[in-house]
Amino acid sequence: MDILGAIGNTSLIQLRKVVPPGSAAVFVKLESENPTGSMKDRMAQAVISRAEQDGRLKPGGTVVEYTGGSTGSSLAFVCAVKGYPLRIVSSDAFAEEKIRTMRAFGAEVELIPSPDGITPDLIPSMMRRAAEIAAETGAFATDQFNNTDMVQGYRRLGEELLDQLPGQLPDAPPVSAFCSYVGTAGCFLGASRALAAVLPGLHRAVVEPAESAVLSGRPPGTHHIEGGGIGQRPPQLGLADYDEVIAIPEARAFQTARQAARDEGIFSGPSTGANLAAALGIARRLGPGHRVVTVQVDSGLKYLSGPLYS
């Protein structure tokens, strides 16, 4: 087995200290255990492997992607192992650790300046530039927002949850709710579909930043919760794919991430903070006898130079 075989099969833990009395049990999938410390390793492996299999990506071919960071780090990791040159379009709005990780794996990174943070036009600008590079060079564009292989890459996460939960609390009822912060919505769609296929009563909640709550029907805005809040509906996310939208203010996402590190030992970024804040809210509503599941998106090591832990 090479290092790509280390992707997936991450641990599932139950929160013990931050869940208020009288709430449902809350479980968190520790995706920081993947090789680059992010759940995005799953989608990177899936989109590259499927493109190899059907001939869209030829041996030695160049790969191009637009990304806020973790997708780029994971693609750089997979491309390094498989021997594909990678060109990334990103921005200085995202964590410096992520940009350095992409370059450490050998990716060529082009940055679009955005000093105010994640603005409504940033992701579209990155997408346009990546499309230009692909057209100019003939590179294979992984195009994460529109790539259905990305969603399939996360089905295994949902399947792992189904295997892990019964073993933890064999006398408890099935999972009642799953929530996830959405950017591409790949993790939410892949995992929730695998869960709902077995648990048709599953409550599915998408999480977004309150400062750019487009799915909630509000206008796009600038925010600092990396990994989502792209200013428009993710192309693959339909209205029938979820039951609720939860908008989390970035201040609460940051505070919850810091609290989880101090009280639970879960060291993560602000998108995980948003996930945890949403999961705790659902748990309070559902009460005892239910289980809520969410995801630790990535490791807090990627955010040490920014405001989250300063």
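The legends below describe close-up views of one predicted model. Residues are numbered from 1 along each chain as its sequence is written, and side-chain values use heavy atoms, with hydrogens and water left out. Because this is a predicted model, local features need pLDDT of at least 70 and side-chain atom pairs count only at pLDDT 80 or more, while totals for chains, interfaces and linings use all residues.

View 1. Helix α4 covers residues 122-137, where helices (H or I, at least four residues) and strands (E, at least two) are DSSP runs, numbered from the N terminus. The 16 residues of α4 should span 22 Å at 1.5 Å a residue, and the end C-alpha atoms are 23 Å apart, which agrees; the expected span is 1.5 Å times one less than the number of residues. Its buried residues are L122, I123, P124, M126, A130, I133 and A134, and buried means under 20% relative accessible area, exposed over 50% and partly exposed in between (1.4 Å probe, protein chains only). These buried residues of α4 pack against β3 (63-66), β4 (86-91), β5 (108-112) and β6 (140-141), with contact meaning heavy atoms within 4.5 Å. Just after α4, G138 takes a positive phi of about 75°.

**View 2. The crossing of helices α8 and α9.** The axes of α8 (residues 250-264) and α9 (residues 270-286) come within 7 Å and cross at roughly 90°, so that α8 is roughly perpendicular to α9. Axes are lines fitted to C-alpha atoms, for helices over the stretch in contact, with angles from 0 to 180 degrees between N-to-C directions; angles under 35 degrees count as roughly parallel, over 145 as roughly antiparallel, 65 to 115 as roughly perpendicular and the rest as oblique. On the α8 side R252, A253, F254, T256, A257 and A260 meet P270, G273, A274, L276 and A277 of α9. By class, this contact has 8 nonpolar, 2 polar and 1 charged residues, where Ala, Val, Leu, Ile, Met, Phe, Trp, Tyr, Cys and Pro count as nonpolar, Asp, Glu, Lys and Arg as charged, and the others, Gly among them, as polar.

**View 3. The nonpolar cores.** A nonpolar core is a set of buried Ala, Val, Leu, Ile, Met, Phe, Trp, Tyr and Cys residues joined through side-chain atoms within 4.5 Å. The largest has 50 residues, and those with the most contacts inside it are I48, V63, L86, F178, F188 and L237. Not counting residues up to four places away in sequence, I48 touches L57, V63, L75, V78, C79, K82, Y84 and T142. A second, separate core of 27 residues includes Y181, V207, L276 and A278.

View 4. F105 lies in the loop between α3 (96-104) and β5 and is partly exposed, with a relative accessible area of 33%. Leaving aside neighbours within four places in sequence, F105 is in contact with T36, S73, A76, F77 and A80. S38 sits in the loop between β2 (25-30) and α1 (40-54) and is buried, with a relative accessible area of 0%. With neighbours within four places in sequence again left aside, S38 is in contact with E31, S32, S70, S74, V297, D298 and K302.

View 5. N9, in the segment before β1 (12-14), has a positive phi near 55° although the residue is other than glycine, and N9 is exposed, with a relative accessible area of 57%. A185, in the loop between β7 (177-181) and α7 (186-198), has a positive phi near 75° in a residue other than glycine, and A185 is buried, with a relative accessible area of 4%.
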